[in-house]
Every structure is written in C-alpha cells, then in structure tokens.
Amino acid sequence: MAGVAIAQEVIERFNEFKLRSASRYILYKLSDSLTEVVIDKIADPSATYQDFLNDLPPNDCRYAVFNFEYDAGSDGKRAKVIFFNWAPETAKIKSKMVYAATKDSMKKALIGISVEIQGTDASEVDPKEVLEKCKSVSR
C-alpha cells in the first residue's frame, strides 16, 4: 500500500493556489490505479464553502485544500489554508486505508497548510466547526 506518489501538478497547482489566490479550493483524489494523488477539481475564486461541501463525494475519500476567510473581530479579516482529509464512513475500506496511509506524504508535499480537518461526516466539516478550529490556531 505504500508508495502512492504525489503528481507534480498537485504541488504546482497548490503553490499557485497559495501564492496567487487563483482558486477557492482544490480537491484531490487517488488515481484509478491507486498509485498517484491527482487533481480532481479546481474551483473558481468565487466558489463558496457550500460549493466545496457539495463537491465532497458522499461515498468516497478526498483530500482538499480550501482558502478559508473569516472575520477575527478586532484582529480584522483572516485567511487560513485548510487541508481536509475527507473519509466518510460509507467509503470503501481499501480507499480509506490508502488515503490514511498517504495523508502524511500529501501534507509534507503541500507546504503552507495552517489547519488540518479530518472529516468523516458533515458535522466535522460544518462551517462553524471549521471556523472554531481556525480561530483556535490563531490564538
């Protein structure tokens, strides 16, 4: 199960995402052969968090990065690059195992992640939960 590669395009697009705000979020998936992490979708900068949630498959795993902007009160507007490891309970066991085994390699390849969210159901990726996690990292 080890040896899942991270496609070079994954890293290049993440760097563009991080530096140029070229998109709101990027979804990543394992290739059909389960040998490489590839880009599943790049969302337009105008996309919303609800669009992101709608793009998470109900029965399969995904990695994602999201440019999460929020109001930090007296500290003004903030933005965090969030890494999501989406592994719903309904996903196939083999898929969950490969995604879990590859997560650390994926995170190491994507330099500049502020927050990590593990999601197994909608409650764990609820915008209020994500906002609280972002605020706790800012303290």
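**Core and sheet**

A: In this predicted model, the largest nonpolar core has 23 residues. Those with the most contacts inside it are V10, Y28, V37, V65, M106 and L110. At least two residues of this core come from each of α1 (8–20), β2 (25–30), β3 (36–42), β4 (62–71), β5 (77–86) and α3 (93–109). Another core, of 19 residues, lies apart from it and includes F52, Y70, V125 and C134. In soluble globular proteins, nonpolar side chains tend to be buried together.

Leaving aside neighbours within four places in sequence, V10 is in contact with Y28, V37, V38, I39, M106 and L110.

Next comes the sheet. It is open, has six strands in the order β1-β3-β2-β4-β5-β6, and its pairing is mixed. β1 (5–6) and β6 (115–119) stand at the edges with a single partner strand each, so one side of each has no neighbour in the sheet. β5 and β6 run parallel and are joined by five bridges. F83 stands opposite E116, a residue of β6. The helix α3 packs on the sheet and touches β1, β2, β3, β4, β5 and β6. The direction of α3 makes about 55 degrees with that of β4.

Finally, a residue of the helix α1 is E16. E16 counts as partly exposed, because its relative accessibility is 27%. Not counting residues up to four places away in sequence, E16 touches S21 and A22.

Notes
Residues are numbered from 1 along each chain as its sequence is written. This is a predicted model: local features need pLDDT of at least 70, side-chain atom pairs count only at pLDDT 80 or more; totals for chains, interfaces and linings use all residues. Side-chain values use heavy atoms; hydrogens and water are left out. A nonpolar core is a set of buried Ala, Val, Leu, Ile, Met, Phe, Trp, Tyr and Cys residues joined through side-chain atoms within 4.5 Å. Buried means under 20% relative accessible area, exposed over 50%, partly exposed in between (1.4 Å probe, protein chains only). Helices (H or I, at least four residues) and strands (E, at least two) are DSSP runs, numbered from the N terminus. Contact means heavy atoms within 4.5 Å. Two strands pair if DSSP finds at least two bridges between them. Axes are lines fitted to C-alpha atoms, for helices over the stretch in contact, and angles run from 0 to 180 degrees between N-to-C directions.
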